[in-house]
Amino acid sequence: MENTIVALKDIVVDFDGEAVLTGLSLDIHDKEFVTLLGPSGCGKTTTLRVIGGFLEPKSGNVFFGGKDITHLPPYKRQVNTVFQKYALFPHLNVYENVAFGLRLRKVDEKELKTRVLEMLEMVGLHGFERRDPTTLSGGQQQRVAIARALVNHPKVLLLDEPLGALDLKLRKEMQTELKRIQQSLDITFIYVTHDQEEALTMSDTVVVMRGGQIQQIGTPVDIYNEPKNAYVADFIGESNILSGVMQRDFSVEFAGQEFTCVDKGFPKRALVDVVVRPEDIQVVPAIQGKLSGVVKNVIFKGVHYEIIVEQAGTLWKIHSTQSQRPGEIIGMNIGPDDIHIMNKMEG
Amino acid sequence: MKLKSRICAAPYLVWMVAFIVAPLLMVVYFAFTDGSGHFTWTNLSGLSQYAPVFVRSILLAAIATVICLVLAYPLSFMLSRLRASKQRIMLMLVMLPMWMNFLLRTYAWMTMLEKNGLINRFFGLFGIGPFNMINTQGAVVLGMVYNYLPYMILPLYTIMVKIDDSLIEAAEDLGAGMFYKVTKVLLPLSLPGITTGITMVFVPSISTFIISRMLGGGGNLLIGDLIELQFLGNSYNYNLGSAMSLVLMVVVLLCMSLTNQLDSETKEGGVF
């Protein structure tokens, strides 16, 4: 790609012989909001640290705007980081924290002041200049950390689970805020999180990782609707994952029935994983359903009810705005578009 | 509540009065009286002839403190970044000499530094020397550094383990190379440890008499030796001894307030 700003090529990292990244390659496009998503231990933070320069890979190369920066120390890179635990300097006030990077670059006092105040204004901390960062709330500290990084006009901002320590409401607020900042500054954000909802909300591109390798790269919509394998499907949103057999093109058998689907090109009688999202299952009277089962449990989730149905020994998860009575027998239908077929995962 | 806490504090108060305040008052009393109990300035005014000893004491203690700080600072930092299990072993090694008797340790240095001591004999193998090492000011400083180094390392280490790696990484991320990482982040954050360490090395160094006697010979008397002579030695003049102690105390207090000043100043003004 032409507008690639950061490129990782065959990055290998291991800690004391334990492989963390096993030959990871990734192109990140300029001015995109990219999220590295995965469970803890999948190597997403390690990837970020390699880009930031805090970790030198055992082998492989890091390119920035086409130049090899693999061995460049962090202070010479045009990236800035928002750290997980904020990492604000406790011996400096808010103003000096934000000014730190500019002072090191000997920016003159007048320009420095303008830029610092402007940045504090942008993150909504006008009037907090003289405050001691240790007296601020988590959300405010987070904003200072973001301002401290962005004031240096980095080409790429790295964010390492920056919202992990905030409560739900604040987190939602900050998500919108971060997206707004990214769009108004028009720079690249590389964001690390284990929260799939966060990833879907903010990103232009989501990179799903597992065990030091990339599982899938795509837009949030693609990742959600067209997960490449059962792992991605399971990690992004909730899913029913069943084993099935591809009968022929556009026809798959699972749960004892044959269903029409939109997938083709699998070998005949191939074993596949079938993924069905809980909200894609239509609940109908038992007699009209292709599948039928007994309602085991109903949980109220606010917007919808989560209904657990047992059908021939399989537990199905259904999201529906209509509640059902436990013990009742209901029917379930699944449209062809809602059946996602993927190659069976090894392991 | 208030009454209760006061009652709880009572034993400590009694202790303080009996063993700290009362002796202090006695020192002051003796410093301003002569042998028959009359008020006099002569003890204090006569101290001017010992000025060189005071100066030497302050100087040697200051040099020892600086050397301790320079040695201990990087060591403590490295210690604090080791893995927890290694940290314990290394700390143990730092403390190990302290388990041995102070006198014994200093005697050991005597035999090593002597004209026919271990070090000179070693150099002798190569036909170098012998060096005159014992009974010099250098030997005294060496003794101070050797004996008090752990007291510098421990407070520094204690504060440095609390400095999160991410703070140093943040500085690096914002453009700080090695020099600025140390001066703008590490030093200001470890300042409380530095002042504690300085106090814990400087105060015993300035008042020591064993080290200077054993390693410094007769020519390098320190203020501690002088005081000891007034109470236990031939001169036996505890009025004069008290006056010396009093002045030493004032000197120490002055030095300490100076270092504390440093501590509070950086808090206010930022690091640039």
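In this predicted model, helix α3 (residues 51-81) of chain B packs against helix α7 (residues 137-160) of chain B, with the two axes 7 Å apart and at an angle of about 40°. That angle makes α3(B) oblique to α7(B), and the crossing of the pair is right-handed. What sort of residues make up the contact of α3(B) with α7(B)? There are 24 nonpolar residues and 3 polar ones, and no charged residue takes part.

The C-alpha trace of chain B spans about 75 × 70 × 35 Å along its principal axes. Chain B has 272 residues, and 29% of them count as buried. As for its contacts between residues at least 6 apart in sequence, 70% join residues at least 24 apart.

Over in chain A, there is a sheet to look at. Here 6 strands line up in the order β6-β7-β8-β3-β9-β10, forming an open sheet with mixed pairing. Strands β6 (79-82) and β10 (213-218) of chain A sit at the edges with a single partner strand each, so one side of each has no neighbour in the sheet. From one strand to the next, the twist averages 20°.

Within chain A, strand β7 (residues 156-160) and strand β8 (residues 188-193) run in the parallel sense, paired over 5 bridges. Which residue of β8(A) is the bridge partner of Leu158(A)? That partner is Ile190(A).

Technical notes
Residues are numbered from 1 along each chain as its sequence is written. Chains are lettered from A and ligands numbered from 1 in the order in which they are written. This is a predicted model: local features need pLDDT of at least 70, side-chain atom pairs count only at pLDDT 80 or more; totals for chains, interfaces and linings use all residues. Axes are lines fitted to C-alpha atoms, for helices over the stretch in contact, and angles run from 0 to 180 degrees between N-to-C directions. Helices (H or I, at least four residues) and strands (E, at least two) are DSSP runs, numbered from the N terminus. Angles under 35 degrees count as roughly parallel, over 145 as roughly antiparallel, 65 to 115 as roughly perpendicular and the rest as oblique. A crossing is left-handed if the near helix is turned anticlockwise from the far one by less than a right angle, and right-handed if clockwise. Ala, Val, Leu, Ile, Met, Phe, Trp, Tyr, Cys and Pro count as nonpolar, Asp, Glu, Lys and Arg as charged, and the others, Gly among them, as polar. A residue is buried if 20 or more other C-beta atoms lie within 10 Å of its own, exposed if 12 or fewer, and partly exposed in between; C-beta atoms are placed from the backbone. Two residues are in contact if their C-beta atoms, placed from the backbone, lie within 7 Å. Two strands pair if DSSP finds at least two bridges between them.
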